[in-house]
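Please keep the sequence and the coordinates at hand while reading.

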Amino acid sequence: MSSSLLPSLSYCCQRQRFNFVLQHGPKGSRFLSAKAPEVHPVTTVLPKPRLDYRAISESIVYKSHNTFNRKAPLPIGALQSVARHYDEQKRLSSMLGLKRHARSNLGEKMRKIKDPIEKQAVLEEAKLLKMEVTDLEQKLVTVEDILLGLALQIPNDTHPDVPLGPEEAAVVLSTHGSDPIAASGNRDHMDVGRALGILDFEAGATVTGSSWYYLLGEAALLEMALTNYALSIALTHGFRFVTTPDVVRADIALRCGFQPRDQNADPPVSQMYHIASSSPSHPELVLSGTAEIPLGGMFANQIFTEQALPLKVVGLGRSFRAEAGARGADTRGLYRVHQFSKLELFVVCSEDASEQAMEELRSVQTDIFKGLNFPFRVLDMPTEELGASAYRKYDMEAWMPGRGSWGEISSTSNCTDYQARRLHIRYRRSSGVPKHIPSSSSSASTQSAPAISFAHTLNGTAAAIPRLIVALIENGATFDEAGKPVGLDLPSTLKPFWHGTSSIIRWT
């Protein structure tokens with residue numbers, strides 16, 4: 001995270017007192033129970049992220065190697081600077097505590113003094129102490145702001161089994177479906193969609209610009225069917241359905257690990273669509289790039305009981321991507337667009353349950369894609385492909401013969417406590433026993449867990465609609481004897497979610 005992003009973050013991180021919502025019992029969460037419990041009012045501004053500076057300072061060598069392996073844009077010397085400023089923070093905090101204690105003692109002393117001259121001397125001493133306390137408080141705030149700004153740029157730790165290197169180092173964990181059909185330019189989804197009259201990119205370009213589109217007839221119905229099909233499977237796995245806001249505060253996006261602006265680009269570019277405000281005092285708003293952001297924000301600034309976990313939601317929203325700098329085949333057609341519908345899985349769990357939760361998310365996604373009858377594979381993504389928040393990431397890729405390559409249709413990330421520390425998502429342990437905890441603040445180790453701990457969060461794509469449409473069109477296109485596209489073979493699993501009839505669709 002660039003330090004130039006910190007002004008917007010600090011605006012939304014002012015020091016205030018907050019009321020926390022405590023959820024009770026395994027059915028006590030308003031996210032799982034049909035009857036919502038009493039929710040105490042909370043402020044609309046979140047407290048500053050709570051990062052573990054001690055753990056960072058004690059693992060500089062590991063953090064340095066981890067940052068290098070991930071090719072994270074961390075300024076040179078940032079980790080050492082965190083350690084220095086953490087020492088300074090401790091020194092100032094200790095001095096401030098002593099001065100405040102001395103002021104308190106002077107107050108007690110003053111109440112007992114009867115002699116006016118002696119009382120005046122104590123008053124002068126108290127004034128001097130007040131100035132010293134004020135000065136220390138200002139210095140401490142400055143050091144804490146610098147410390148937070150540096151630590152926020154450090155990426156999450158990395159699972160020890162994650163492959164090292166660039167995208168090509170990804171490890172195939174499993175393959176599914178029939179053998180891939182031969183690559184063919186005749187199966188390009190843009191050409192097939194135009195021939196069948198179900199995709200219109202020209203009108204999208206006229207109305208909005210490049211990488212905008214219309215889904216017509218069967219393509220629009222296919223979006224609805226895919227959404228409801230994927231949702232039905234998520235529901236059978238115990239996820240609760242949520243529709244999310246498509247507009248979020250830029251601060252919430254930052255806390256989830258997304259950069260509204262990429263300051264490392266030259267010149268700096270926007271990664272999200274920003275909404276102009278009529279008042280500079282209003283929080284900066286952006287169009288959400290994924291439902292993961294509002295889903296994570298939904299749990300912010302709350303404390304749950306351990307019995308209430310895991311919290312599992314599946315959110316439907318529109319995703320908006322500026323996709324600055326994208327080039328080549330990945331920008332063609334529906335594969336990389338600026339707006340699309342997306343069904344997102346999101347889990348909040350205890351610290352020691354996130355690795356199992358990740359496998360469960362992978363199982364849900366596998367169930368969804370198996371029913372769509374196209375070849376796909378699951379990859380364990382290497383270090384250079386991990387976003388700042390991800391401890392580990394699985395990608396799922398479908399064979400797209402029109403593109404002549406595998407294309408990403410889904411991903412799953414275990415973010416451990418990276419997002420929870422920034423969003424203040426916590427839970428009260430049923431017992432403070434030692435746990436084996438993967439954490440963003442230290443390398444995985446056996447720790448004594450506190451009574452109130454930061455939760456772990458995970459996210460996974462249930463259905464990124466345009467990518468699935470690409471895979472279904474390119475694998476399912478049918479042709480006449482002259483090689484002209486005449487229809488689509490679609491999996492019968494989608495038929496119960498289809499509305500109306502079609503002369504170009506054949507259920508298989």
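Why is helix α13 largely enclosed by the rest of the structure? The reason is that 11 of the 12 residues of α13 are buried, where buried means under 20% relative accessible area, exposed means over 50%, and partly exposed lies in between (1.4 Å probe, protein chains only). The model is a predicted one, in which local features need pLDDT of at least 70 and side-chain atom pairs count only at pLDDT 80 or more, while totals for chains, interfaces and linings use all residues. Residues are numbered from 1 along each chain as its sequence is written, and side-chain values use heavy atoms, with hydrogens and water left out.

Helix α13 covers residues 465-476 and reaches 16 Å from its first C-alpha to its last, close to the 16 Å expected at 1.5 Å a residue; the expected span is 1.5 Å times one less than the number of residues. The charged end of Arg467 sits over the ring of Tyr335, 3.7 Å from its centre. For such a contact, NZ of Lys or CZ of Arg must be within 6 Å of the ring centre and within 35 degrees of the ring normal. Another case is Lys312, which lies over the face of Phe239 at 5.0 Å from the ring centre.

Two further helices can be read in the same manner. Helix α8 (residues 218-236) has 19 residues that should span 27 Å at 1.5 Å a residue, and its end C-alpha atoms are 27 Å apart, which agrees. Its buried residues include Leu222, Leu226, Tyr229 and Ile233. An α-helix has 3.6 residues a turn, so residues three or four places apart point the same way. After α8 comes Gly238, whose phi is positive, near 90 degrees. Helix α11 (residues 354-370) should span 24 Å with its 17 residues, and the separation of its end C-alpha atoms, 24 Å, agrees. Buried positions in α11 include Met358, Leu361, Gln365 and Phe369.

Attention now turns to the strands. Strands of a sheet pair through backbone hydrogen bonds, either parallel or antiparallel; two strands are taken to pair if DSSP finds at least two bridges between them. Strand β12 (residues 311-320) is mostly covered, with 8 of its 10 residues buried. Strand β5 (residues 240-243) pairs with β12 in the parallel sense over 4 bridges, and Phe241 stands opposite Val314 in β12. β12 is also joined to β13 by 10 bridges, and these two strands run antiparallel; the bridge partner of Gly315 in β13 is Glu344.

A separate description applies to the open sheet of 3 strands in the order β22-β23-β24, whose pairing is mixed. Its edge strands, β22 (477-479) and β24 (505-507), each pair on one side only. Strand β23 (residues 485-490) runs parallel to β24, joined by 3 bridges, and Leu490 stands opposite Trp507 in β24. Helix α6 (residues 189-196) lies across β22 and β23, running at about 110 degrees to β23. Here contact means heavy atoms within 4.5 Å, and axes are lines fitted to C-alpha atoms, for helices over the stretch in contact, with angles from 0 to 180 degrees between N-to-C directions.

The aromatic rings remain. Rings of Phe, Tyr and Trp (its six-membered ring) pair if their centres lie within 6.5 Å; planes under 30 degrees apart count as stacked, over 60 as edge-to-face and the rest as tilted. By this rule the structure has 8 aromatic pairs. One of them, Trp212 with Tyr273, is tilted, at 6.2 Å centre to centre and 50 degrees between the planes. This pair links distant parts of the chain, 61 residues apart: Trp212 is in the loop between α7 (201-207) and β4 (214-215), and Tyr273 is in the loop between β8 (269-270) and β9 (274-275). Trp212 counts as buried at 17% relative accessibility, whereas Tyr273 is partly exposed at 25%. Phe299 and Phe346 form a stacked pair, 6.0 Å centre to centre with 10 degrees between the planes.
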